[in-house]
Structure formats: C-alpha cells, structure tokens
Amino acid sequence: MKKKESIFLHEYFMAATCFLGVAASVGSLIFGFGDGDSFALFGIITKLVTAVAMYLAFRFYKWDVAKGLMGGILFCMLYQEAHLVLGKLWSEQDFDAYLTAGVQGSLYLAAAGMTFLMTIIITVNHFFISYATHGNPKNVILNRIAILFKLVVYILLFAVIGKLGFPAAALWKNAFQYVTDIALLLLLVSTESQFDTFNALRQEMLKEKREARNRK
C-alpha cells in the first residue's frame with residue numbers, strides 16, 4: 001500500500017472487516033436464535049451473507065453487485081431501526097420505561113433516534129453516489145460524516161445498554177448486532193472509495209485517449 005493510499009482501498013482491511021462482520025453475525029445468531037423474532041433472524045443471516053458477498057465482490061471487482069448488496073443491506077438496517085424507534089419505542093410507548101430509568105434511558109432513546117436518522121441519510125446518499133449520472137463529491141463527504149457520527153452513536157449505545165439492566169443474552173445480541181453493522185458500514189466506505197478510485201482511473205484513461213487522438 002502506498003503511503004498516501006487510503007486504508008479503505010487495502011485488501012487486508014477489507015478482509016479483516018469481512019471477518020469481523022461474519023464473526024459478529026454468527027455471535028448474533030447464537031444469542032438470538034431462540035427468541036422467536038423471525039425478521040431479526042432473517043436480518044442477521046442477510047448481513048452475514050452480505051459481508052461474505054462484499055468481500056468476494058472486492059476480490060473479483062464486481063462493483064455493480066457490491067452496489068446492489070449495500071443498497072439492500074441499508075434498507076434492512078432502516079427497517080430494523082424503524083421497527084425499534086417507531087414500532088416499539090413510540091407505538092408501544094416503551095419510551096416511558098426508559099425515561100423513568102433516568103439519564104441512561106434518555107441517552108438510549110436519543111441514540112436510537114439518531115442512529116435511525118443517520119441510516120436514512122446514509123441510504124439516500126449511497127444511492128446518489130452509486131447511481132447518479134454525475135457523482136456529487138458533497139454527497140460522498142456528507143455520507144462519510146453521517147457514517148462517522150453513526151459509529152460514535154454506536155459506542156454510546158454500547159455504554160448505555162450495559163447500564164439499563166437488560167438480560168445478558170439481550171446485551172450480547174445487541175452488542176454483536178452493532179459490531180455487524182459497524183463492519184458493514186466500513187465495507188460501505190471501502191466500496192465507495194473503490195468507486196472514487198475507478199472513476200478517477202476512468203477519467204485518466206479518457207484523457208489519455210483524447211490526447212492520443214489530438215496527436216493524430
């Protein structure tokens with residue numbers, strides 16, 4: 001790897017992130033297999049398969065496949081977080097229980113809402129970056145900021161959940177779920193970095209062709 005080359009373009013980083021995502025998905029399966037939540041199980045398996053497929057896409061440069069995979073997984077994360085924030089905490093009014101828990105409960109509610117909002121921003125920007133006719137660098141920058149903020153919020157969730165008195169199995173399941181999502185977000189940044197690199201390479205090739213045509 002060259003000194004000025006981003007770590008997200010490095011093969012070993014991609015492999016390590018993929019391994020982290022797979023290991024965390026397996027952990028989520030172990031701790032969440034018997035709770036009867038069929039969608040959660042489907043989401044875990046989807047993320048596991050996506051992590052492996054993303055690495056294979058990286059190895060064989062199937063970036064169209066990678067774009068589709070990450071778009072699908074972002075919608076999966078959106079549904080998962082919308083179900084928690086809008087379906088469970090808001091509709092079932094479980095937020096009352098968290099508010100009575102004090103500062104930790106309030107932080108959990110705020111963090112859950114912020115991570116949902118960041119996923120919306122990341123999903124919209126991902127489609128602008130990947131499918132727009134003319135890529136907008138501002139979308140790439142905004143997406144990186146949203147991903148960074150989401151990772152910080154995940155750290156807050158790690159710290160808060162442990163103080164809310166959840167059962168040990170739920171704590172481990174949530175922890176592995178967040179680690180899986182972190183790995184997938186890092187894979188997303190790696191994929192977008194590859195797009196940036198390939199776009200730059202394509203522009204260089206077009207420039208060389210134009211110069212060769214002008215010389216003729």
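User: What share of the contacts between residues at least 6 apart in sequence join residues at least 24 apart?
Analyst: It's 76% of them. Keep in mind that this is a predicted model.

User: Good to know. Which elements does the chain have, helices or strands?
Analyst: There are seven helices and zero strands. Reading from the N terminus, the order is α-α-α-α-α-α-α.

User: How big a box do the C-alpha atoms fill?
Analyst: Roughly 75 × 30 × 30 Å, taken along the principal axes. Leu206 sits in helix H7 and is partly exposed, at 29% relative accessibility.

User: And how much of the chain is buried?
Analyst: Of the 216 residues, 38% are buried. The chain exposes about 12,500 Å², with carbon and sulfur atoms supplying 67% of that area.

User: Let's go to charges. How many salt bridges are there?
Analyst: The count is four. As a general point, side chains of opposite charge can pair when their charged atoms come close. I can take you through some of them.

User: Please do! What does Asp181 pair with?
Analyst: Asp181 forms a salt bridge with Lys47, and the closest N and O atoms are 2.8 Å apart. That joins distant parts of the chain, as Asp181 is in helix H7 (residues 168-215) and Lys47 in helix H2, 134 residues apart.

User: Are those two buried or exposed?
Analyst: Buried. Asp181 has a relative accessibility of 0%, and Lys47 has 4%. The cut-off for buried is under 20%, so Lys47 falls within it.

User: What else is Lys47 in contact with?
Analyst: Leaving aside neighbours within four places in sequence, the contacts of Lys47 are Ser25, Ile73, Met77, Gln80, Gln177, Thr180, Asp181 and Leu184. With Asp181, the side chains also make a polar contact at 2.8 Å.

User: Nice. Which residue meets Glu81 in a salt bridge?
Analyst: That's Lys150, at 2.8 Å from N to O. Glu81 is in helix H3 (residues 63-91) and Lys150 in helix H6, so this pair ties together parts 69 residues apart in sequence. Glu81 is buried at 6% relative accessible area, and Lys150 is buried at 0%.

User: And what about Arg59, what is its partner?
Analyst: Arg59 forms a salt bridge with Glu11, with the closest N and O atoms 2.0 Å apart. Here the link runs between helix H2 (residues 38-60), which holds Arg59, and helix H1 (residues 11-32), which holds Glu11; the two are 48 residues apart.

User: Are Arg59 and Glu11 buried or partly exposed?
Analyst: Partly exposed. Arg59 comes to 41% relative accessibility, and Glu11 to 33%.

User: While we're on those helices, how far apart are the ends of H1?
Analyst: The end C-alpha atoms of H1 are 31 Å apart, which agrees with the 32 Å that its 22 residues should span at 1.5 Å a residue. Its buried residues include Phe13, Met14, Thr17, Cys18 and Gly21.

User: And how far does H2 reach?
Analyst: H2 has 23 residues and reaches 33 Å from first C-alpha to last, close to the expected 33 Å. Among its buried residues are Ala40, Gly43, Ile44, Lys47, Thr50 and Ala51.

User: What follows H2?
Analyst: Tyr61 does, and its phi is positive, near 55°.

User: Last topic: the surface. Which residues form the nonpolar patch?
Analyst: Met114, Leu117, Ile120, Val124, Phe128 and Phe149, with about 490 Å² of accessible area together.

User: Which helix gives the largest share of the nonpolar patch?
Analyst: Helix H5 (residues 103-131), with five residues. Phe149 lies in helix H6 (residues 137-161). At a relative accessible area of 36%, Phe149 is partly exposed.

How values were computed: Residues are numbered from 1 along each chain as its sequence is written. This is a predicted model: local features need pLDDT of at least 70, side-chain atom pairs count only at pLDDT 80 or more; totals for chains, interfaces and linings use all residues. Side-chain values use heavy atoms; hydrogens and water are left out. Patches are made of residues with over 30% relative accessible area and no salt bridge: like charges are joined within 9 Å, nonpolar side chains (Val, Leu, Ile, Met, Phe, Trp, Tyr) within 5 Å. Accessible areas come from the Shrake-Rupley method with a 1.4 Å probe; for residues, only the protein chains shown count as cover. A salt bridge is a side-chain nitrogen of Lys or Arg within 4 Å of a carboxyl oxygen of Asp or Glu. Helices (H or I, at least four residues) and strands (E, at least two) are DSSP runs, numbered from the N terminus. Buried means under 20% relative accessible area, exposed over 50%, partly exposed in between (1.4 Å probe, protein chains only). A polar contact is a pair of N or O atoms within 3.5 Å; within protein, one must be able to donate a hydrogen and the other to accept it, and residues adjacent in sequence count only if both atoms are side-chain atoms. Contact means heavy atoms within 4.5 Å. The expected span of a helix is 1.5 Å times one less than its number of residues.
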